[in-house]
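User: I want to know what stands behind the labels used for this protein. Take me through them one at a time.

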Amino acid sequence: MNAEQGSIRAGGEPILEVRDLVKHYPLTQGILFKKQVGAVKAVDGVSFRLAAGETLGIVGESGCGKSTVARMLVHLEQPTAGSIEYKGEDITKLSGRALKAVRRNIQMVFQDPYTSLNPRMTVGDIIGEPYEIHPEVAPKGERRRKVQDLLDVVGLNPEYINRYPHQFSGGQRQRIGIARGLALNPEIIVADEPVSALDVSVQAQVINLLDRLQAEFKLSYVFIAHDLSIVRHISDRVGVMYLGRFAEIGTDEQIYDHPTHPYTQALLSAVPVPDPMAREHRERIILHGDVPSPANPPSGCRFRTRCWKAQERCELEVPLLAVPAVFRLTDTPAHHDSACHFAEEKQVVPPGEEPAEEPEGPGEGPEEPGEPGTGPRIR
Ligand SMILES: Nc1ncnc2c1ncn2[C@@H]1O[C@H](COP(=O)(O)OP(=O)(O)OP(=O)(O)O)[C@@H](O)[C@H]1O
Ligand code: SF4
Ligand SMILES: [Mg+2]
């Protein structure tokens, strides 16, 4: 871990340890003779630990690098630099059979259940597809029963095994995506905005399902969202990303009730709170300007062009992701990693007020299959 990333804590033995992860996409010019003229610094030095059985939420605005981190974790992209250790072994260096064995244990659930499922395949074929690559998990004769068990586990009727994705509602399709993610009995699930495309009433059901599956199968989650209110319900710890790096990382209580980084405070000030009185009296922090281009990030602190507290030091010196000096000797919830030279605790969500984290709606339970063209729709 380099000094810039500082200390990152998680309780228990890490099942995953990410160090200084970098992904730069080359920017090229010219048609015949391509010349690199720069790079999109999509992820630029991300470190974190994931303990077994833990959920780490990652939040941040669009384009901050969340999906790029997710794709590197499941080996859909090779990092430009840095390491991803799974149980102590750097998986970025693996290939062939060793890589295949590790990939089985780290599976992904995608954002959009409409586009991530092949419309020409039956649900049985979609969920059972990973067994083609890993026949040792389910020999041919056992696959149908295995897939039906998985449908049952995610709250769908096992008799729907021969139906096609268009015959299901949005929430049901995400359940199919989750069943597919579980097919190889993984230990880690990387869920990239798994509920963002769903109706609010269905989001709670899918989150409750993920919660139950975590307990049942002892899963560890990296749960990505752009919305702090969704992440709180499911996360043990939360990392807030800005322009390819973590701005702040801590337990859910530290981040929601005792944020010390101005960016986290601004994000939290936009989270809806249910009590109208509390809503009226709380301070709303409006961020001005756009997120700078990751091809040309600001010097020093990347948040400085939008930060109301920025000073000269912020332009000259990259703030470390570490416990800020003012909190180092304290034993308060402000004692957590925050990449700010002038970190200060600020309670943004009024005391006793929970962000409206769980969308209203029915609890988790099996949904009936929608007729084609019916059922919940993407907003
Ligand atoms: N293959 C690619 N080539 C070039 N740039 C890319 C590529 N993939 C992603 N990027 C850029 O990297 C940055 C991070 O993208 P990423 O998809 O990881 O963001 P994100 O946080 O997941 O955003 P969103 O919330 O919109 O999903 C963006 O500026 C994006 O345009
Ligand atoms: S280091 Fe400076 S610019 Fe960055 S968040 Fe802190 S006060 Fe703002
Ligand atoms: Mg994304």
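Analyst: Two residues are in contact if their C-beta atoms, placed from the backbone, lie within 7 Å. Among contacts in the protein between residues at least 6 apart in sequence, 70% join residues at least 24 apart. This is a predicted model: local features need pLDDT of at least 70, side-chain atom pairs count only at pLDDT 80 or more, and totals for chains, interfaces and linings use all residues. Residues are numbered from 1 along each chain as its sequence is written, with chains lettered from A and ligands numbered from 1 in the order in which they are written.

User: Why is L117 called buried?

Analyst: A residue is buried if 20 or more other C-beta atoms lie within 10 Å of its own, exposed if 12 or fewer, and partly exposed in between; the C-beta atoms are placed from the backbone. L117 has 22 C-beta neighbours inside 10 Å, so L117 counts as buried. Across the protein, buried residues make up 43% of the 379 residues.

User: Where is L117 found, and what is L117 in contact with, leaving aside neighbours within four places in sequence?

Analyst: L117 is in the loop between β6 (106–109) and α3 (123–128). Its contacts beyond those neighbours are I126, P165, R173, I176 and G177. G177 is 60 residues away along the chain, yet the two C-alpha atoms are separated by 7.4 Å.

User: What makes helix α1 mostly covered?

Analyst: Helices (H or I, at least four residues) and strands (E, at least two) are DSSP runs, numbered from the N terminus. The protein has 13 helices and 11 strands. Helix α1 spans residues 66–73, and seven of its eight residues are buried. They are K66, S67, T68, V69, A70, M72 and L73. H75 follows α1, with a positive phi near 65 degrees.

User: Which element gives the most to the shell around ligand 1?

Analyst: A residue is near a molecule or strand if its C-beta atom, placed from the backbone, lies within 6 Å of it. 13 residues surround ligand 1, the closest being Y25, A42, S62, S67 and T68. Two or more residues come from each of β2 (35–51) and α1. α1 gives the most, with three.

User: How do the shells around ligand 1 and ligand 2 divide by class?

Analyst: Ala, Val, Leu, Ile, Met, Phe, Trp, Tyr, Cys and Pro count as nonpolar, Asp, Glu, Lys and Arg as charged, and the others, Gly among them, as polar. Ligand 1 has five nonpolar, seven polar and one charged. Ligand 2 has nine nonpolar, one polar and two charged. Residues around ligand 2 include C301, R304, K309 and H341.
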